[in-house]
Amino acid sequence: MWCWCISIIIWREPLVLVYAWLVVIGANSTRLHEELLTAGGEILQGGFRRLNVGQVQAALGALRGRADELPAEPGRVRPSGLWSQIEAPLQRALEAR
């Protein structure tokens, strides 16, 4: 799993937000359903606290309309020591959606 690290203050703690595209395909390869799922959480002193659906939507909403503050080509990074602590809880947050 990769995440985009963007430096904009929208929350009281650092956040990580992820998305997944769920596609349900039938026996004859017909798309039956597709949905974009979002999840995320706060990074707290090396730990992770999952956000509820409303909080994730609020964080995403805070980013809307701020495209001018985003880097032209954000870098994909894997936060070294921290990533190992938040990867599993972040995956569970996404699965819970």
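# Strand pairing and side-chain contacts in a predicted model

Of the 97 residues of the protein chain, 24% count as buried; buried means under 20% relative accessible area, exposed over 50%, and partly exposed in between (1.4 Å probe, protein chains only). This is a predicted model, in which local features need pLDDT of at least 70, side-chain atom pairs count only at pLDDT 80 or more, and totals for chains, interfaces and linings use all residues. Residues are numbered from 1 along each chain as its sequence is written, and side-chain values use heavy atoms, with hydrogens and water left out.

Student: Which element of the protein chain has the highest mean pLDDT?

Tutor: pLDDT is the predictor's confidence in each residue, from 0 to 100. The protein chain averages 78, and 73% of its residues score at least 70. Among the elements, the lowest mean, 48, belongs to strand 5 (residues 76-77), and the highest, 90, to strand 3 (residues 31-44).

Student: What pattern does the protein chain follow along the sequence?

Tutor: Helices (H or I, at least four residues) and strands (E, at least two) are DSSP runs, numbered from the N terminus. The protein chain contains 2 helices and 5 strands. Read along the sequence, they give the pattern β-β-β-β-α-β-α.

Student: Which residue of strand 4 is the bridge partner of Leu 44?

Tutor: Strand 3 is also joined to strand 4 (residues 47-50), by 4 bridges in an antiparallel arrangement. In strand 4, the partner of Leu 44 is Gly 47.

Student: Which strand gives the largest share of the nonpolar patch?

Tutor: Patches are made of residues with over 30% relative accessible area and no salt bridge; like charges are joined within 9 Å, and nonpolar side chains (Val, Leu, Ile, Met, Phe, Trp, Tyr) within 5 Å. Accessible areas come from the Shrake-Rupley method with a 1.4 Å probe, and for residues only the protein chains shown count as cover. Tyr 19, Trp 21, Val 23, Ile 25 and Leu 36 make a nonpolar surface patch of about 580 Å². The largest share, 4 residues, comes from strand 2 (residues 15-25).

Student: Is Glu 42 buried or exposed?

Tutor: Glu 42 is found in strand 3, and its side chain meets that of Arg 49 in a salt bridge (2.5 Å, N to O). Arg 49 is partly exposed, with a relative accessible area of 43%. The relative accessibility of Glu 42 is 2%, so this residue counts as buried.

Student: Which residue is joined to Thr 38 by a polar contact between side chains?

Tutor: A polar contact is a pair of N or O atoms within 3.5 Å; within protein, one must be able to donate a hydrogen and the other to accept it, and residues adjacent in sequence count only if both atoms are side-chain atoms. Thr 38 belongs to strand 3 and counts as buried because its relative accessibility is 12%. Its side chain makes a contact of 3.5 Å with that of Gln 57.

Student: Which residue caps the N-terminal end of helix 1?

Tutor: Just after helix 1, Gly 65 takes a positive phi of about 80°. At the N-terminal end of helix 1 (residues 53-63), a side-chain oxygen lies 3.0 Å from the backbone nitrogen of Gly 54, and the capping residue is Asn 52.

Student: What distance separates the C-alpha atoms of Gln 85 and Gly 47?

Tutor: Gln 85 lies in helix 2 (residues 80-96) and is partly exposed, with a relative accessible area of 44%. Gln 85 and Gly 47 are 38 residues apart along the chain, and their C-alpha atoms are separated by 6.6 Å.

Notes
A salt bridge is a side-chain nitrogen of Lys or Arg within 4 Å of a carboxyl oxygen of Asp or Glu. Two strands pair if DSSP finds at least two bridges between them.
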